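This report describes one protein chain. Please look at its sequence and its structure before reading on.

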Amino acid sequence: MLFGKDPRKKVILERAMKQVERMLRELQDEGKDLTRFKLKKFQKTHFSNCTCAQCLEAKRKKDPHLRGILEDGVKFYVGEGGGDE
Ligand SMILES: [Zn+2]
C-alpha cells in the first residue's frame, strides 16, 4: 500500500519505466505501429533440480512459485509474432 516507503521497490519501478520509455522510442524509430504495442511479464525460476534454500523450501511446501528467481521482468513486442497465443 505505502509503495513509496520501500526504496528498493521505487528503484525497480524507476528502472522499469526507463526501460519501457527507451523501448518505445526504439520501436517508434524503427517505424513500428505502437498501437499494437504489447507488454508481457515473465519470470524465470531456478531449475527443478536446484538445491538452493529457496528451491528446497518450494519443494517441501510443494509450491513451485516459491522457487528461486533467476530473472524477473517484462518483454515488449509490437503486433504479430512474439506472443504465445
Ligand atoms: Zn534455486
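Is helix 1 largely in the open or largely buried, going by the number of its 23 residues that are buried? The number buried is zero, so helix 1 lies largely in the open. A residue is called buried if 20 or more other C-beta atoms lie within 10 Å of its own, exposed if 12 or fewer, and partly exposed in between, with C-beta atoms placed from the backbone.

The model is predicted: local features need pLDDT of at least 70, side-chain atom pairs count only at pLDDT 80 or more, and totals for chains, interfaces and linings use all residues. Residues are numbered from 1 along each chain as its sequence is written. The pLDDT is the predictor's confidence in each residue, from 0 to 100. For this chain the mean pLDDT is 83, and 88% of the residues reach 70 or more. Where pLDDT is low, the predicted coordinates should not be read in detail.

**Elements**

The chain has two helices and two strands, in the order α-β-α-β from the N terminus. Helices (H or I, at least four residues) and strands (E, at least two) are DSSP runs, numbered from the N terminus.

| Element | Residues |
|---|---|
| Helix 1 | 7-29 |
| Strand 1 | 37-45 |
| Helix 2 | 53-61 |
| Strand 2 | 69-78 |

Helix 1 reaches 33 Å from its first C-alpha to its last, close to the 33 Å expected; the expected span is 1.5 Å times one less than the number of residues. Just after helix 1, Gly31 has a positive phi of about 80°.

Strand 1 and strand 2 run antiparallel and are joined by nine bridges; two strands pair if DSSP finds at least two bridges between them. One of the bridges links Lys44 to Glu71 in strand 2. None of the ten residues of strand 2 is buried, so strand 2 lies largely in the open. Of the 85 residues of the chain, 2% count as buried.

**Two residues**

Thr45 is found in strand 1 and counts as partly exposed, with 18 C-beta neighbours inside 10 Å. Leaving aside neighbours within four places in sequence, Thr45 is in contact with Arg67, Gly68, Ile69 and Leu70; contact means C-beta atoms, placed from the backbone, within 7 Å.

Lys62 is found in the loop between helix 2 and strand 2. Its phi is near 55°, a positive value in a residue other than glycine. Lys62 is exposed, with 7 other C-beta atoms within 10 Å.

Notes:
Two residues are in contact if their C-beta atoms, placed from the backbone, lie within 7 Å.
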